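Please look over this model with me. My notes cover its nonpolar cores and its salt bridges.

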Amino acid sequence: MTLYWYFTKKFCTSFLRVFIIIGLLIFFVDTMENIRALSSSGITLTKALALASTRSPSFIREAMPIIVMLSGLSFCVGLARSNEFVVSRAAGVSALKGISFPILAAFLIGLFSILFLNPLVATFSSYYDTLKNDYLGRPEKTVTVNEDGFWLRQKTETGHIVITASQATQNGSSLRDVTMIEYDLDNNAISRIAASTATLSNDEWILIRTKKWNLSISEDNPEASSQKGFIIRVPTTITSEQILEGYPKAETVVIWDLPKFILAMDNAGFSSRQHRVHLQIELARPILFSAMLIIGAVFTLQNARLGNLGISVLVALLCGFSLHFLQNLARTLGEAGEIPIFFAAWAPPIAALLAALALFLHFEDG
C-alpha cells in the first residue's frame, strides 16, 4: 500500500507542477493577445490583465486533458529513469497495478473538473463577456433564454423595446405568442403590443393578429383605448443571426443548470444540440483523464526495459494529441448532427481507454 501511495504522490506532484506552468503560460499569452488585439480600443495593461484573469480559466479547462497527459508522461518518465518500474515488478507488483492509484487520481481530477472547475469557468466566462463589453462600450447581449421563453431587447430613437416570445421557429426569424413593450428614454412604458406571430423581414418585425395598448396617456384603464389590428410593422436592427448567437454559450452555463437550460431552449424553439454535446463531454471527462494517464505510461513502460526514451516520449505525445484532436472532431460532428450525441462524447475516451489498457497489458506480458 505504501508503494501505491508513493506513486500517487509523485503523480499528483507532477500534475500540480505541469498545471501551474501551463496555467501561467496561458495567462501571460492571453494577456499579450488582449493587449495586441484591443490596444486600438484603449485597453490598458490593467484591463488586459483583468480580461486574461477571467478568460484564462476557460482555456485551462480546455487544456486539462493535455495537462493530465503531460503529467502522466512526466511521472512515468521519472519512474523509468530511476528504474522504479523495474523494482516494483521485481517486488511482485505489476506495472498496471502499480499505477492503479494514479489512474484513480486522474479519475478524481476529472470529477473535480466537473464539480468545481466547470462552475468556476462558467462564472468567469459570463463575467468576461460583461467585462469586455463594458471596456469596449458594446451593448448587452440581445437574447436571454429562460423557462418562460426568451427575451429580446432592441434600441429605438426614443428609447428601447423589450420583446418576449414563447417560441421561435425558422432559425429565430419567426416568433410565436409575442409581446412588445416600448419604453422611452426615462424607462417609462409608453405602449404594449401583443401578437400571435412576429416575422423578421427586411429590417422590421411584421406582427400578425395584434392588439395595442397605449400606456403613455394618463388614464386608469388602457384597455378602453386599446386597438385591435391584423398587421403592425415595427422597425428593428436585430437580425436572425444575432438571435441565434445571442443566447448563452454552453461554456458559460454551469453544468448543474445545463439540463434545465436545455429544456428551456427546446421549449423556446432553439436547437440545444451544442449544449447537449457539451454536457455529455463534461460528464465523460474522468474517463478521458484516466485514458490520458495510461497513454502517458504505456510507452514509458516499454522504455523501462528496452530503452529509446526519446522515441517513447514522442510516440506518447503524438497519441495524446491525436486523442485530443479526435475528441474535438467528434464534438464538431456531434454538434453538426452527423453522429449521435452519446457517440460523439463517450466513444473517443472509452475507445482510447480500452486501447491503452490493451497495449499496456501487451507490453507488460511481452
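The points below take the basis first, then the cores, then the charged pairs.

1. Basis. This is a predicted model, where local features need pLDDT of at least 70, side-chain atom pairs count only at pLDDT 80 or more, and totals for chains, interfaces and linings use all residues. Residues are numbered from 1 along each chain as its sequence is written, and side-chain values use heavy atoms, with hydrogens and water left out.

2. Main core. A nonpolar core here is a set of buried Ala, Val, Leu, Ile, Met, Phe, Trp, Tyr and Cys residues joined through side-chain atoms within 4.5 Å. Buried means under 20% relative accessible area, exposed over 50%, partly exposed in between (1.4 Å probe, protein chains only). The largest core has 42 residues. Phe11, Met64, Ile67, Phe75, Phe289 and Phe360 have the most contacts inside it. Two or more residues each come from α1 (2-38), α2 (45-81), α5 (100-136), α9 (285-306), α10 (309-335) and α11 (341-365). Helix α2 gives the largest share, 11 residues. Helices (H or I, at least four residues) and strands (E, at least two) are DSSP runs, numbered from the N terminus.

3. Phe289. Which residues does Phe289 touch, leaving out those up to four places away in sequence? They are Met64, Pro65, Val68, Ala106, Ile109, Gly110 and Ser113. Contact means heavy atoms within 4.5 Å.

4. Second core. A separate core has 17 residues, among them Ala165, Leu175, Leu200 and Val234.

5. Salt bridges. The whole structure holds eight (side-chain nitrogen of Lys or Arg within 4 Å of a carboxyl oxygen of Asp or Glu).

6. A buried pair. Glu282 bridges to Arg61, with the closest N and O atoms 2.7 Å apart. Glu282 sits in α8 (residues 273-283) and Arg61 in α2, 221 residues apart. Glu282 counts as buried because its relative accessibility is 0%. Arg61, at 2%, is buried too. Arg61, Glu62, Glu282 and Arg285 are linked in a salt-bridge network.

7. A strand pair. Glu204 and Arg233 meet at 2.7 Å, N to O. Glu204 is in β7 (residues 204-214) and Arg233 in β8 (residues 227-235), 29 residues apart. Arg233 is exposed, at 52%.

8. A loop-to-helix pair. Glu251 and Arg331 form a salt bridge at 3.4 Å, N to O. Glu251 lies in the loop between α6 (240-246) and α7 (258-268) and Arg331 in α10, so the pair ties together parts 80 residues apart in sequence. Glu251 is partly exposed, at 23%, whereas Arg331 is buried, at 12%.
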